[in-house]
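Here are my notes on the model, as numbered points. Please read them with the structure open.

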Amino acid sequence: MISPLQTELTYVKRHRMFLDLTAPLPAVPPLAERYRWVGWQPSLMEAHAQVKVQCFQGEIDSLVFENLRDYAGCMRLMNEISHRSGFRPEATWLIALDDEYVGTVQGVLHLGEAGAIQNLGIVPEHRGRGLGKALLLRALHAFRERGLARATLEVTAQNKAAVHIYRQIGFRYYKTIYKTIDPALLAKNQDGEDWYL
């Protein structure tokens, strides 16, 4: 017998993707005027968490991953990532505009052999300027310079802009998974699509 809870579950489709880092990789594009790169320092953990909140609040990924819903969760996530034995500081970056941080990415070693892109995000007001692609390529080049032959990432299928960038760079699907969302977080938007409260 199926319980009422099981019939109310909502599933989100996610793609696991990989990239062959031995193949040609596009150069890291220059950042637009006034934007600048900020490399990893432990003192920047809070900055990464703050940017992560701004990037993922209001996005479907904050429903899928509880740590992306608020600052405390993002700090827990950054603390966990930065203390992993496979954390790659050279693949972990912020993008700043003057004194404001507007983009973040972290890199870790996956199964000891592949670089894994974690939590790549651009603050909504700064999207559409090529910053996400630049962050991704900066991390990928760092993986390759460390001798890694493969990169992986996971993306929500509904995030069409991110999927497009990943495919454009050469990432390919290797597995589709489904994550559940608490139905209490969902609501209908004006177009009748499920969204969250």
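1. Cysteines. C55 is buried, at 1% relative accessible area. C74 is also buried, at 0% relative accessibility. This is a predicted model, and the structure holds zero disulfides. A disulfide here needs the two sulfur atoms within 2.5 Å. C74 is likewise in no disulfide, with the sulfur of C55 as its nearest cysteine sulfur.

2. Aromatic pairs. The whole structure contains four aromatic pairs. One of them joins W37 and W93, with ring centres 5.7 Å apart. Their planes meet at 75 degrees, so this pair is edge-to-face. The cut-off for that label is over 60 degrees. The two residues are 56 positions apart in the chain: W37 sits in strand β2 (residues 35-39) and W93 in strand β3 (residues 87-97). W37 is partly exposed, at 23% relative accessibility. W93 is buried, at 13%.

3. Charges over rings. Elsewhere, the charged end of R150 sits over the ring of Y174, at 5.6 Å from the centre.

4. Salt bridges around E154. Eight salt bridges turn up in the whole structure. Among them is R14 with E154, at 2.8 Å from N to O. R14 belongs to strand β1 and E154 to strand β6 (residues 150-156), so the bridge ties together parts 140 residues apart in sequence. R14 is buried, with a relative accessible area of 5%. E154 is partly exposed, at 26%.

5. R16 is partly exposed, at 25% relative accessibility. Which residues does the network of shared partners join? They are R14, R16, D61 and E154.

6. Another bridge. R88 and E90 form a salt bridge, and their closest N and O atoms are 2.9 Å apart. R88 counts as buried, at 18% relative accessibility. The cut-off for buried is under 20%.

7. Surface. L9, Y11 and Y178 make a nonpolar surface patch of about 330 Å². Of these, Y11 is placed in strand β1 (residues 10-20).

Terms used: Residues numbered from 1 in each chain as written. Predicted model: local features only at pLDDT ≥ 70, side-chain atom pairs only at ≥ 80, totals over all residues. Heavy atoms only, no water. Patch = residues over 30% accessible without salt bridge, like charges linked within 9 Å, V, L, I, M, F, W, Y side chains within 5 Å. Areas by Shrake-Rupley, 256 points an atom, 1.4 Å probe, with all protein chains shown as cover. Salt bridge = Lys/Arg side-chain N within 4 Å of Asp/Glu carboxyl O. Helix = DSSP H or I, 4+ residues; strand = E, 2+ residues; numbered from the N terminus. Buried < 20%, exposed > 50% of the residue type's maximum accessible area, 1.4 Å probe, protein only. Phe/Tyr/Trp six-rings, centres within 6.5 Å; stacked < 30°, edge-to-face > 60°. Lys NZ or Arg CZ within 6 Å of the ring centre and 35° of its normal.
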